[in-house]
Amino acid sequence: MSLLNPAAPRQGWFNVTLLGFAHFVSDFFSNVLPVMLPILAARFSLSYSQCAVVFMVFSVTMNLIQPPIGLMADRFRVNILMPLSVVSGALLACLLGVCDHLYVVMLVVLLAGLCQSGFHPIAGAILPTVTPVRHEEIATSIFIAGGNLGFAVAPPLIALYIDACGERALPWV
């Protein structure tokens, strides 16, 4: 067994739920940047247009890399990249709270976009293999709900956390 060809995960609701939770975490941390933009704007005296460029770097990177990763996931078992993308994307998103130079922010945002791009295509390839037979619809709903919930709760939770602890404490999330 190699890293590029691990054994297929087992079918079952535990793995479906685990994928839904991973989707929650992935989408939660992919929504940290919008909360941080006003803080970054104040820290680096960025205009609205410059903030849009920062967000565009993240979005374009994340979305343009997903199709090639999806093609790779269709051909090879690269399941190990999925948890790595969630963890590395989360860590990079949290580093935005301590970046003291705009070039470092742009590098972190670029790398976070690259890391976040690894989750969805690989998780989409894994979901059908862990879904119990004849339960594809509910399994897909659990997976999608996890991501939607993570994306929805991130802004208020991150904002409350930053308000209570400060943006420099963001890496502790």
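Residues are numbered from 1 along each chain as its sequence is written, and side-chain values rest on heavy atoms, with hydrogens and water left out. Because the model is predicted, local features require pLDDT of at least 70 and side-chain atom pairs count only at pLDDT 80 or more, whereas totals for chains, interfaces and linings use all residues.

The secondary structure of the protein consists of seven helices and zero strands, where helices (H or I, at least four residues) and strands (E, at least two) are DSSP runs numbered from the N terminus. Along the sequence the pattern reads α-α-α-α-α-α-α. The C-alpha atoms occupy a box of roughly 55 × 30 × 25 Å along the principal axes. Of the contacts (heavy atoms within 4.5 Å) with a separation of 6 or more, 83% join residues 24 or more positions apart. Buried residues account for 43% of the 173 residues; buried denotes under 20% relative accessible area, exposed over 50%, and partly exposed the range in between (1.4 Å probe, protein chains only).

The largest nonpolar core comprises 49 residues, and those with the most contacts inside it are Leu19, Phe29, Leu33, Met36 and Val109. Such a core is a set of buried Ala, Val, Leu, Ile, Met, Phe, Trp, Tyr and Cys residues joined through side-chain atoms within 4.5 Å. Two or more residues of this core are given by each of α1, α2, α3 (48-75), α4, α5, α6 (119-130) and α7 (136-165), and α2 gives the most, with nine residues. Beyond residues up to four places away in sequence, Met36 touches Leu96, Gly97, Ile162, Glu167 and Leu170.

A search of the whole structure identified one cavity of 30 Å³ or more. A cavity is a set of points, on a 1 Å grid over the protein atoms alone, where a 1.4 Å probe fits but cannot get out, and its lining residues have an atom within 4 Å of a point. Grid points are joined across faces, edges and corners, and the volume is the space filled by probe spheres set on the points. The largest cavity holds about 60 Å³. Its lining includes Phe29, Leu33 and Val109, which are also among the core residues with the most contacts. At least two lining residues come from each of α1 (13-30), α2 (32-44), α4 (81-95) and α5 (102-116), with the largest share, three residues, supplied by α5. The lining contains eight nonpolar, three polar and no charged residues; Ala, Val, Leu, Ile, Met, Phe, Trp, Tyr, Cys and Pro count as nonpolar, Asp, Glu, Lys and Arg as charged, and the others, Gly among them, as polar.

Thr131 lies in the loop between α6 and α7 and is buried, with a relative accessible area of 6%. Residues touched by Thr131, apart from those up to four places away in sequence, are Gln11, Val16, Glu136 and Ala139. Trp172, in the segment after α7, is exposed at 75% relative accessibility. Its C-alpha atom is separated by 36 Å from that of Glu137, 35 residues apart along the chain. Gln50, in helix α3, is partly exposed, with a relative accessible area of 38%. The C-alpha atoms of Gln50 and Leu160 are separated by 25 Å and belong to residues 110 apart along the chain.

Conventions. 1 Å grid on protein atoms, 1.4 Å probe; cavity = no way out; pocket = protein on both sides within 12 Å on 5 of 7 lines; lining within 4 Å.
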